[in-house]
Amino acid sequence: MLRLLIRGVTDYFQQMSLAVGQGWNRFWYQPSSPLPLVALRIAVGLLALYYVASFSPDLTRWFGPEGWFAPPAGAGQADPVGQWLDARFPLGETLYRFDDVAQRPFPPLYRLSYLTYASSDWELWLMHAAGLLVLVLFILGWKTRWTSVLALVVVLAYVHRAPLLNAQLEPVLAMLMFYLALSPCGVAWSVDSWLAGRKQSAEPSSAPMPPKRWGATVTLRLIQVHLTVLYALTVLVQLSGGGTGGMVWWTGEAMWWIVARPETALVSADWLAHHPLLMDLWTYFVILFQMAFVVLVWVRPMRGLMLALAMLFWISIALATGLVTYSLLMLAGLLAFVPAECFTGNCPVPAAE
Amino acid sequence: MPSSQRAEPLPPEAGQEPAGPSAQMRTLVSFLLFAHLFSLGLSWTMWRLSSPMRQALRRFPGFYLQLLGMDVAPDSGIVRLPSGELYPSPRVLPKSRRALWHLTQGDALDVDHFLVLRDEQGRQVQWPPPGAVGLRYRRYQMIAWEMARLAGIEDTENVLPAALGRGLLREAGMQRATLECRRLLLRAPEEARSNDPTLNDPYHDSRWVTVYQARIWVEGDQVRLLKLESQAESSGPVNRASGTRSGSPGSNANSQP
């Protein structure tokens, strides 16, 4: 009797282990089409190009040898303010008492940026132009295996050069560029695929879809998981309240305090002030959508609805906050959830999946 | 765990689908996936560290994430305790080390801030500069935010002005000047609905608060800085749209005090 019981328990755990292993393998390694990654390459690449190009009007002001973030003579630091902040808040530590860390040496930093090696304005401009060129080649898909990694290096150079300037956009952009650098994102709609097609046949390839790859699945899943967690974290932080304003995401006031910033909002706060119910609904839509997205985007029949709502959500966030590039980037990230067939005009009907 | 011994190799589907990776490759990639997701998990869950062990646990993957530009804390840095107390102080945590995805917490720092440099001849320069929009505007905002956040903390509030002072003075073509960090307070919905222009005007002088003020000049290689007492209210900075000062003669009549 006891032996049977032990065998039953053992069998159960063996089967569970097998099922978990198979589920893991199916989730991460089932080959899939790289077309969503190709679309991501173009969309995220364009936004990365804009991100880097947007430094142009202030390039020497920020990073030049005589710029705001230039190291003081003989200091040997590329970004004294960033170094100071990192020293006091290394790696996310929260240190409440400055006297504890007044004597603390700078921790080792892994904020690598080739821009720190620019010793003159023209060298800086040369590096800037080279970075822009790399991003253009990445978007076009020329030697994508190499340019994807170089494009990541370019973006990180600007992210790391002056961390003080970073906000919502940079961690998401760095994340997407990192995953794209690992992915086969240049197998279609690229100079690489055009050249490969020319080599193989005089006639252009008629195959609408590039072959499925397990490497595409791994990177698509990483982007999907990472983005879902970002939505979850965002809504948790919003609902955790705090701030001198109180629990604004609970009371429905949050969207007002965003739209009321006259320098950034793209919609009229005056108009919204006369529609308090709309203000509340907008706030609760933001919260409820994010909560729903975290779960329902993984439910195949609901995915289309979630992506449609996400469009509405991010357009509304862009209008309220003026964070247009960030909103576009988050929208671009959603391409990872779009079925590959949609990119060839054959979107599957949810019920048929 | 998804070990290669336990799971069957992935079969090709319908003779058309390519096969998955080999068992050895799956083991290697699964290990790397686990390490990456574990690092991210730590950064997402351990941004408030209390014990040395938790700090040490957070530190190692922190280097990896720092290299990739992903070492941001996702929280706002401000928590309201059941007692109503804010914990920790909203001033202590750097804004730029926070992802800021929550967009607002209705906090005093969740508003626009400006840097204003003015000399004794009455010349003044403002950042964000007129015409800066989008990413450009936001970068200047982050600097002004950081200065506002540090204002009032005795041993740190001068760090940022001192570090940026030389560049600011050179940019403005000034030898010595007064540096101010100005906060533009927001209207409540009732104020926006009001017909009273002093309440309705989002740029009215009464909305401007100086959170940091210092005399700044350069002596040799050193930036000298003398902190002044912040004023609760002062004249408005450059109007971004018109280039004139709100509250000054010739500007929008609604801006007059």
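Reader: Helices here are DSSP runs of H or I with at least four residues, and strands are E runs of at least two, numbered from the N terminus. Between which strands of chain B is the loop that holds B:L100 found?

Author: In this predicted model, B:L100 is found in the loop between β2 (86–87) and β3 of chain B. Residues are numbered from 1 along each chain as its sequence is written, while chains are lettered from A and ligands numbered from 1 in the order written.

Reader: What is the phi of B:L100?

Author: The phi of B:L100 is positive, at about 65°, although the residue is not a glycine. With a relative accessibility of 6%, B:L100 counts as buried (under 20% relative accessible area, with exposed over 50% and partly exposed in between, for a 1.4 Å probe and protein chains only).

Reader: And what about B:L103, buried or exposed?

Author: B:L103 counts as buried, because its relative accessibility is 14%. It is placed in the loop between β2 and β3 of chain B, and its phi, near 75°, is again a positive value in a residue other than glycine.

Reader: Moving on to the sheet, what is the order of its five strands?

Author: The sheet in chain B is open and runs β4-β3-β5-β6-β7, with antiparallel pairing (two strands pair if DSSP finds at least two bridges between them). Its edge strands are β4 (124–127) and β7 of chain B, each of which pairs on one side only.

Reader: How many bridges join β3 to β5 there?

Author: Seven bridges join β3 (residues 112–118) to β5 (residues 176–184) of chain B, and B:R118 has B:T178 in β5(B) as its bridge partner. Another seven join β6 (residues 208–219) to β7 (residues 222–228) of chain B, which also run antiparallel, and in that pair B:W217 stands opposite B:R224.

Reader: Which residue in the β6–β7 hairpin takes a positive phi?

Author: That is B:G220, with phi near 65°, in a hairpin of chain B that has two residues between its strands.

Reader: OK, what does A:R61 touch, leaving out residues up to four places away in sequence?

Author: A:R61, which is found in helix α3 (residues 59–63) of chain A, touches A:G67 and A:W68 as well as B:W127, B:P129, B:R136, B:Y140 and B:E171 in chain B.

Reader: And where is A:W125 placed?

Author: A:W125 is in helix α6 (residues 121–140) of chain A, and it is partly exposed, since its relative accessible area is 38%. It touches A:S56, A:L59 and A:T60, apart from residues up to four places away in sequence, and its C-alpha atom is 9.2 Å from that of A:G64, which lies 61 residues apart along the chain.

Reader: Where in chain A does pLDDT stay under 50?

Author: It stays under 50 over residues 88–106 of chain A, whereas the mean for chain A is 86, with 84% of its residues reaching 70 or more. Where pLDDT is low, the predicted coordinates should not be read in detail.

Key: This is a predicted model: local features need pLDDT of at least 70, side-chain atom pairs count only at pLDDT 80 or more; totals for chains, interfaces and linings use all residues. Side-chain values use heavy atoms; hydrogens and water are left out. Contact means heavy atoms within 4.5 Å. pLDDT is the predictor's confidence in each residue, from 0 to 100.
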